[in-house]
Amino acid sequence: MATNRQNYRVRKLDRHAGFDDDLKDAPPADRLDMVWQLTVDVWAFMGYDIAQSRLSRHLVRVIRREG
């Protein structure tokens with residue numbers, strides 16, 4: 001389903017413009033957590049399957065020394 005984005009309004013704000021005082025000093029990780037929750041809520045509202053894998057998303061590579 002194609003969306004016509006030609007008439008979307010876009011605003012460019014200063015990095016600190018528009019933030020409430022309680023969010024101004026929030027670390028980026030906390031802001032990302034807030035946005036992620038909003039994203040999951042929107043996906044659920046639109047009817048997408050939002051089940052998340054219970055597997056760890058952290059990747060680790062073990063390099064063993066020879067000898």
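Trp43 is partly exposed, as its relative accessible area is 37% (buried means under 20%, exposed over 50%, and partly exposed in between, with a 1.4 Å probe and protein chains only). Keep in mind that this is a predicted model, where local features need pLDDT of at least 70 and side-chain atom pairs count only at pLDDT 80 or more, while totals for chains, interfaces and linings use all residues. Residues are numbered from 1 along each chain as its sequence is written, and side-chain values use heavy atoms, leaving out hydrogens and water.

Two other residues also land in that middle class:

| Residue | Relative accessibility | Class |
|---|---|---|
| Trp36 | 42% | partly exposed |
| Val42 | 43% | partly exposed |

Now for the rings. Rings of Phe, Tyr and Trp (its six-membered ring) pair if their centres lie within 6.5 Å; planes under 30 degrees apart are stacked, over 60 edge-to-face, and the rest tilted. That rule gives one aromatic pair. The ring centres of Trp36 and Trp43 sit 5.7 Å apart with planes at 90°, so this pair is edge-to-face.

What about the backbone? The protein chain has two helices and zero strands (DSSP runs numbered from the N terminus: H or I of at least four residues for helices, E of at least two for strands). Val42 belongs to helix α2, residues 28-46. With 19 residues, α2 reaches 27 Å from first C-alpha to last, close to the 27 Å expected at 1.5 Å a residue (1.5 Å times one less than the number of residues). After α2 comes Gly47, with a positive phi near 90°.

Across the whole protein chain, 3% of the 67 residues count as buried.
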